[in-house]
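The paragraphs below lead through one protein model, strand by strand and then on to its helix, loop and a charged side chain. Please keep the sequence and the 3D view side by side while reading.

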Amino acid sequence: MSWQSYIDDHLMADIEGNHLTSSAIVGHDGSVWAQSANFPQFKPEEITGIMNDFENPGLLAPTGLYLGGTKYMVIQGEPGAVIRGKKGPGGVTVKKTTQALIIGIYDEPMTPGQVSSCLANPLYKYLVLLVIGLDKRSFAFENR
């Protein structure tokens, strides 16, 4: 299975009658591994900011998380493993693996919990454990 088919067939699939607005798998260096057709064009410094927040949790809280020029208010997440942002009726969830970021953008009526379920589905767990790896903090988040 390619990363693109993982995006198309799993991350963008219906979840309890809802689906993500867009999603992507992005390397820690900002390289795009796969993305949905409407995923926003992001700037390298936006990915750098996200990576810096994973290293120093709370760094984005005062300024917000930017992705594709859109500012999201940072809300509760899992330090070093998951960052969540909110903007109006929607938001973004970013999960960190040892090599990549799995990003899901959503609008209402989808909830942050549904997005986390989508990003942590069994196929995701299988793929990241075998192929791109999870850091210890992400793995702990997944098994709660």
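Strand S1 is largely enclosed by the rest of the structure, because 6 of its 6 residues are buried, where buried means under 20% relative accessible area, exposed over 50% and partly exposed in between, with a 1.4 Å probe and protein chains only. Strands (E, at least two residues) and helices (H or I, at least four) are DSSP runs numbered from the N terminus. The model is a predicted one, in which local features need pLDDT of at least 70 and side-chain atom pairs count only at pLDDT 80 or more, while totals for chains, interfaces and linings use all residues. Residues are numbered from 1 along each chain as its sequence is written, and side-chain values use heavy atoms, with hydrogens and water left out.

Ser22, Ala24 and Val26 point one way from S1, whereas Ser23, Ile25 and Gly27 point the other way, and all are buried. S1 pairs in the antiparallel sense with S7 over 6 bridges and, also in the antiparallel sense, with strand S2 (residues 32-35) over 3 bridges; two strands count as paired if DSSP finds at least two bridges between them. On the S2 side, Ile25 stands opposite Ala34, and in the hairpin of S1 and S2, with 4 residues between the strands, Gly30 takes a positive phi near 95°.

On the S7 side, Val26 stands opposite Leu101. Val26 counts as buried because its relative accessibility is 0%. Leaving aside residues up to four places away in sequence, Val26 touches Ser31, Trp33, Phe42, Ile47, Ala100, Leu101 and Ile103, contact meaning heavy atoms within 4.5 Å. The C-alpha atoms of Val26 and Ile103 are separated by 7.8 Å, although the two residues are 77 apart along the chain.

Ile47 leads on to helix H2, where it is among the buried residues, together with Glu46, Gly49, Ile50, Met51, Asp53 and Phe54. H2 (residues 44-55) has 12 residues and reaches 17 Å from its first C-alpha to its last, close to the 16 Å expected at 1.5 Å a residue, that expected span being 1.5 Å times one less than the number of residues.

Beyond S7 (100-106), the loop between this strand and helix H3 (112-119) holds Pro109, and the peptide bond from Glu108 to Pro109 is cis, with omega near 10°.

Elsewhere, Arg84 is found in strand S5 (residues 82-87). The side chains of Arg84 and Gln76 are joined by a polar contact of 3.2 Å.

Definitions and conventions
A polar contact is a pair of N or O atoms within 3.5 Å; within protein, one must be able to donate a hydrogen and the other to accept it, and residues adjacent in sequence count only if both atoms are side-chain atoms.
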